[in-house]
Structure formats: structure tokens, C-alpha cells
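My notes follow in the order in which I looked.

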Amino acid sequence: MNGNNNPSLRFNNTNNKTKILATLGPASNTYDKILSMVNAGANIFRLNFSHGNHETKKNLIGFIRQINKDKQLNLSILGDLQGPKLRVGKIKDDELMLNVGDMVHFSNQEVEGTLSMITVSYPNLSSDIKVGNKILIDDGKIEVSVIEVTKNGVIKTIVLQGGIIKSNKGFNLPDTKISLPALTEKDLEDLEFIIEQKLDWVALSFVKNVKDINLLKFFLQQKESKTKVIAKIEMPEALDHINEIINESDGIMIARGDLGVELPVEKVPLVQKSIIRKCIHRAKPVIVATQMMESMIELSKPNRSEITDVANAVVEGADAVMLSAETAAGKHPELVIATMKKIILEVENNIFEYNRADDLTPQKHSPSFLSDALCYNACKIAVDVDAKALIGMTQTGFTGFTLSSFRPSAPLYVFATNQLLVTQLSLSWGVTAFYFPEGDNVDEIFNKQIEMLKAEGLLNANDVIVSTGSLPVDKKLPTNMVKISIVP
């Protein structure tokens, strides 16, 4: 493509800089329902591969892309792999009461669960688990401690925190290093589908270390897929390798459901804050997920702690906040999105600046430090000259993600040379993305971008704008120039 082609302007017009990621499910599985969620404020949609089949998801993908076409939007799609989900098996009569002090045994034997034996879906459990390790069942509602591991693979435990255990409930092993691979056979089948459908993002569950990310990227590269990788942080082991995981991933999801079970709950808030800060430093989009507005699965209003939770994620600088069951199975998908957007806007309209000097500066150890520094100063210049727009051009997404990471106060418009990048950038804080073909002359490119923004009512005559780009154009170098212009 060259600068003579007619560029098409397609963007997700939204005035909240922190994006809203909504999970689709039985409560939100039609074109009209998804469109109503978009109108309420959703920017990205999550397909949860723990539930449903490929045919259903293909229909949902079709609806989203049809909305993009019909409404000239750039809604992004994230496929979330299930990973090695650990579950108990079938329980006799579907429920079993465990009282404190009860002795209960676990193994891989297929049985109807009773106190004498409960089946678990983890073939390596007896070799990985140790005496004294805890097993948490049903999001930590039930807690047992291992007192013996027999030679024939039976794990004997004592109940520390009782409750009713039901069939197929998940369990967590906060003290145990899990030897299962991050990608299961089911995940590989789902990944084939994700690659075939050319989804924007794929999220890898239960990431332990950077090898898990490298394995997923290997499969993507084998298929020449441009889908970007999000690492879900939900295991304590991942925190030991968090810097390497962030560096190797394209984005991070702080999955507080399992993380809050695996970690002491009081540690989760500061872990969240630390991960967000690290992601901003490395220009990697970061999502805060799980139980953000959980009461609105049933109710029409959130509780006060949920409002504060969403607001804190915005203040901390998260790129996106995520809704799970609230939109997948809840009674009020559109209302919960609209409510979340109100919270986001209230915070964004009343905090004075994101550009905290201690947090958001170029990192000298970064391999892209020179381009980082230019993007950072472009954001500062935009403040100094009261720019009505900060404009970036990207061929890989780097410039868009980097400009976003400095949380500029000016409206941020990023022009990408392929449509997949445009939808991928919809996840990034503050980015309004456009498709624009490659050009041969930087002045011609800048002028066309200005005309496109004027045509959409985003710029007016005499507005000051700050543009970034690279010279010479044909070398496709990292961002190396910044220009101040006045809109004619």
C-alpha cells in the first residue's frame, strides 16, 4: 500500500480513557445484545474458552465484526484459554458436608466422592504435593491440610475450614508447585480456533514463568499468527518471575479470582498496584479483572466497595477493567457497563494528572530508550502547547503502546498500517485507533491524518497538535521525530 490509497477512518469513539472489557456468555450472545453493550461503553469483548463451544464463539465473533463494519468501530476480541483448571470430580448426591476435623482422602481414582475418597483432575497431584501443603476448594471456601501421601497415590487430609463441597468445583494449591503444562490438549484445540479466527488477543491462564509465554508464542509463530499474548497472573509462582513475564508478554491480566485464593488476601491490593506500575514502565497494557462489579450479577446497583475498587484501578493507571459473570450471565449486562463507565469518567474527569513524574518516565535500561524518551517528551510538549491532539503512527503497535504508557492528557490518536493493529490498540489506555496505509512522505502522511481527524469533527481549524513519526519513511525505523503543527 502507498500514500495514494484512500485511507479508511474506523475507530471506537469513546470518551473514557480506561477501557472496558466485557465477557460474553448466555446473557449477551446476540447481535442486538452486544450492540447494546457497545452503546453502553464496552470497548473489548472476552470469549471465555472454559465454557461453550467453537460454533457458539464463531457466531459471537461474527456479531462483533459485523458491528465493527456496520457502526465503523474497532472493537477488540480477546480469547481466554482455560489452562490446567483443577477440579474435584463427581460428588455422591452432588454435595458432601465437610466438618472441621474430618479426615478426607483425594486421588485420581474415578469414584463418586465421599469422605473416604474424592476424585481430583490432577494426575500429578500425589507426586507434587507435600505433607503440610494446603488444598483450597471452591475459591477457598473449604480448606484442608495434607497429613500423608501414600505410595499408591492417595492424599490424606484433615479439614481446617469446613463447608459443603459440590461436584466439579475448582481447587487451588497455594503451597504446591504445579508440574502441569500451561497449555493443555483442550487449550491447543482452542488456540487453533483462535488463530483461524484471527482474534486480536489470546490470554494464557495459570502462567508460572516465562517459558509458558514462550511456548504459546512458539505455536503462534508456527502459524504466522499476529495475535498478541496476554499473561494471566493468578499464581504466586508467577510473581517470582513477574518482570520476565511482563517483558515477554504483550499484555498482562491481573486475575484476582485465583490470585486472591492462592495468596493471602491482604497481599492482593499491593500486588495489583505493583504489577500495574511495572506494566506502565514497560508499555504493556494491563487489565484488572475479576469480581469488579459482582453484586450486579443480580442487583441493579453495585455496592460501595465495588465502586471504590473500579475507581482505584483507574487511579492506579490500569489500561482496562474487566467484567466477567456480570456481563456473561448477569441480569443487567448493559447497565453494569454503563455504571462502570460512569465511575471511570468521574475519576478521569477529577484527577489532575496521570503523568506522575516518579512513575511515568523513560526507563534508561529499556532497549527502546531513545524512542521512549521521544514519546515521553511528545506527551510533555502536548501539555506545554495545550495541544488538542497527540498523534502517533505505528507499524508494529510500539508507538501506540508507548505513547499510551505515558498517560498523556491530550486526546491520543494512533494511526496503524494494518487493521489487526487497530483493533488490538483498542485495549490500550486513551488510544483512539485508525487504519491508515503506509505513505512515502512524512508531510503528506501528517496532512492526511489531520484531514481525517477534521472530517470526523475531532480537530478544528487553528488547533495545535503534536505528531510523532520516523524518518526516513521508507526505512520504517522506530519513532525518531516529533512535530508541532497548527490545523489549517
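I looked up Thr 394 and found that its bridge partner in S18 is Ala 416. The strands concerned are S17, residues 389–394, and S18, residues 412–416, which pair in the parallel sense over five bridges; I count two strands as paired if DSSP finds at least two bridges between them, and strands (E, at least two residues) and helices (H or I, at least four) are DSSP runs numbered from the N terminus.

I note here that this is a predicted model, in which local features need pLDDT of at least 70 and side-chain atom pairs count only at pLDDT 80 or more, while totals for chains, interfaces and linings use all residues. Residues are numbered from 1 along each chain as its sequence is written, and side-chain values use heavy atoms, with hydrogens and water left out.

I then followed the open sheet, whose five strands come in the order S19-S18-S17-S20-S21 with mixed pairing. S19 (431–435) and S21 (481–486) stand at the edges with a single partner strand each, so one side of each has no neighbour in the sheet. Neighbouring strands here are turned by 25 degrees against each other on average, direction ignored; axes are lines fitted to C-alpha atoms, for helices over the stretch in contact, and angles run from 0 to 180 degrees between N-to-C directions.

H14 packs on this sheet, touching S17, S18, S19 and S20 (464–469), and its direction makes about 150 degrees with that of S17; contact means heavy atoms within 4.5 Å. Of the eight residues of H14 (398–405), seven are buried, among them Phe 401 and Leu 403, where buried means under 20% relative accessible area, exposed over 50% and partly exposed in between, with a 1.4 Å probe and protein chains only. Arg 407, which follows H14, has a positive phi near 45 degrees.

I turned next to the closed barrel, in which eight strands run S1-S2-S3-S12-S13-S14-S15-S16 with parallel pairing. Within it, S3 (76–80) and S12 (201–204) pair in the parallel sense over three bridges, and Gly 79 stands opposite Val 202 in S12.

Is Gln 272 buried or exposed? Gln 272, which lies in H9 (268–281), counts as buried because its relative accessibility is 5%. Leaving out residues up to four places away in sequence, Gln 272 touches Ile 254, Arg 256, Val 288, Ala 313 and Glu 316.

Last, I checked pLDDT, the predictor's confidence in each residue from 0 to 100: the chain mean is 92, and 95% of its residues reach 70 or more. Over residues 1–13 pLDDT stays under 50.
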